[in-house]
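Morning, everyone. Please have the sequence and the model up on your screens, and follow along as I go.

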Amino acid sequence: MITELITTSYLTTTVLTCIVGYLVVQLLRRKRYKLPPGPKGWPIIGSYLTLTSGKYELRDLLNMWAKEYGDLYMFSMFGSRFVILNSYDLVHEAFQSPDFNDRAPILPCNKALNRSNTELNLLFNLKCELSIIHNSNFEDLVAAEAAKLIKNFASQEGTFFNPITDIYVTVSNVITGILTGKTYDYNDEEFVELTKRAQQVFEWMGPGSFFYHVPVLAYMPMENNKMGDAAVKGMFDFLEKILKRHRQAYNPEDEPKDLIEAFMHEEANKKAQNVDVGSFTHQCLKQVVWDLMLGGIETVSTSLSWYFLFMAQYPDVQAKVQAELDKVIGRDRLPSLSDRQNLPFTESTSVECYRFCRLINVQIPHRTRCDVKLGGYDIPKGTNVGTNASWLSSSPSLWENSEEFVPDRFIDKETGLYNSKLEAGLVEFGVGRRVCPGEQLARTELFVIFTHILHRFTLRLPEGTPITRNGINGLTHHPKPYKITAAPRR
Ligand code: HEM
């Protein structure tokens, strides 16, 4: 009995000491730094309850704070700090600096890889992702997958169908083709399951994937975490099988045909030269392939799901894009990347679809490497810093008639040509050294798949379907399931 009392009082004292210690550290930190403004939050849990109360959509809450606090603000949760940037100039100032270029770890991914190191993908970003993904032309591969999608749309024979899973399979095939050299059938159950897993991972992460950068929350045994863990594990299991097959078939004498083989080649070269393999390990390969697969599947599939929905919602705009395609390309061939500069309305419409759908809520955060200054404030080392992309793409202070779908928004009034400078404010692919390595591939996919489908079909929604751009908010904002018809064009 006495031992129990002593143990309880010892525990209480320890917990109280920790809390008081934590509060003193926070107070001293506040005094030492001129921190950005932001919601007050509670001791220890910070803004956790406000963010999870369900009173507001997380994205709406972040945008309300942007209105209240301005270009940058800070909130915290369980000791992890987040700074949100709501200004194009500040995004550029911050992410051009190497001090902002660490990436916050996505903790459940570390858990699945059983590792604590967070910087594994840095070296490979330079070596393989950039050389293979960034500098190659994937138009033929994308066009081949678009052809399968056309066949699939045609097979619906004008009945109503939900195109989203087919779009996912098309886009997933492009990236798996590049990474693994193999593509899959639309009815391959394991592959369709993989695409669903990728969708689930993004949905579960939520805007900015905030909760998965906070150790206490990422490892809590909640239902949502279990679903996310299962999705991450499902993807890793699929990858493990692919990597195993590659290892068995790999021959160092052959020219590498895909990214996995290129990686194995580099690993084999290093081993042959008896030098340190560095990041060229199986673990790292798995991480990198996962990064590219996840980054490559969800973003492009979700964009295209919105693009087709908007075309069906705005039939006049769809007809205008088709008229331009017919005039410039004709009916005897499909559009190709080299036609882009002659298709200003199509280009501008596609970017407006991007702006209007508010694809990314908050871009995956960077992490500060040391104490830094930004916008007149101090940002301590280890702070997560994210771009509020939803704000940048929809704020009335940045876009005229921001709530309206204006397809020619990106056409220069004087020249009548599409002007890419007009879209700079969207910072779709990020800024600085950690800019998206898949930008060129993504732009190819969006152009080719969008124009090929509109060249071949007219998309329509069932009569009376309400027009909306409200979808489901995860790391990306994706449309709720919808049905369209795809009427073949003559
Ligand atoms: C519409 C399509 C896409 C959009 C809007 C998009 C956007 C972004 C953004 C905003 C970032 C963060 C940049 C930063 O932190 O500064 C990013 C990172 C990344 N993206 Fe994309 N992306 C797209 C397509 C792709 C594709 C097709 C791939 C794969 C080939 C890909 C792979 C990645 C990877 C691996 C990263 C992390 C890079 C790093 O940590 O350094 N993305 N993307």
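Start where two helices touch. From H9, the contact residues are Thr 195, Ala 198, Gln 199, Val 201 and Phe 202. They meet Met 293, Leu 294, Ile 297 and Glu 298 in H13. By class, that contact has 6 nonpolar, 2 polar and 1 charged residues. Bear in mind that this is a predicted model.

Now the geometry. H9 covers residues 189–205, and H13 covers residues 282–313. Their axes come within 9 Å and cross at roughly 90°. An angle of 65 to 115 degrees counts as roughly perpendicular, so H9 and H13 are roughly perpendicular to each other.

Next, the core. Which residues have the most contacts inside the largest nonpolar core? They are Val 201, Val 289, Met 293, Leu 304, Phe 308, Ile 449 and Ile 453. This core has 106 residues. H13 supplies the largest share of the core, 18 residues. Take Ile 449. Leaving out residues up to four places away in sequence, Ile 449 touches Val 142, Ala 146, Leu 149, Thr 170 and Leu 304.

Last stop, the sheet. It is open, with 5 strands in the order S1-S2-S7-S4-S3, and the pairing is mixed. S1 (72–77) and S3 (102–103) are the edge strands, each pairing on one side only. S1 and S2 (residues 80–85) run antiparallel, joined by 6 bridges. Within that pair, Tyr 73 stands opposite Ile 84 in S2. Helix H4, residues 88–95, packs on the sheet. H4 touches S1, S2, S4 (366–367) and S7 (384–387). The direction of H4 makes about 125° with that of S2.

How values were computed: Residues numbered from 1 in each chain as written. Predicted model: local features only at pLDDT ≥ 70, side-chain atom pairs only at ≥ 80, totals over all residues. Axes fitted to C-alpha atoms, helices over the stretch in contact; angles between N-to-C directions. Helix = DSSP H or I, 4+ residues; strand = E, 2+ residues; numbered from the N terminus. Parallel < 35°, antiparallel > 145°, perpendicular 65-115°, else oblique. Contact = placed C-beta atoms within 7 Å. Nonpolar A, V, L, I, M, F, W, Y, C, P; charged D, E, K, R; others polar. Pairing = 2+ DSSP bridges. Core = buried A, V, L, I, M, F, W, Y, C linked by C-beta atoms within 7 Å. Buried ≥ 20, exposed ≤ 12 C-beta atoms within 10 Å, placed from the backbone.
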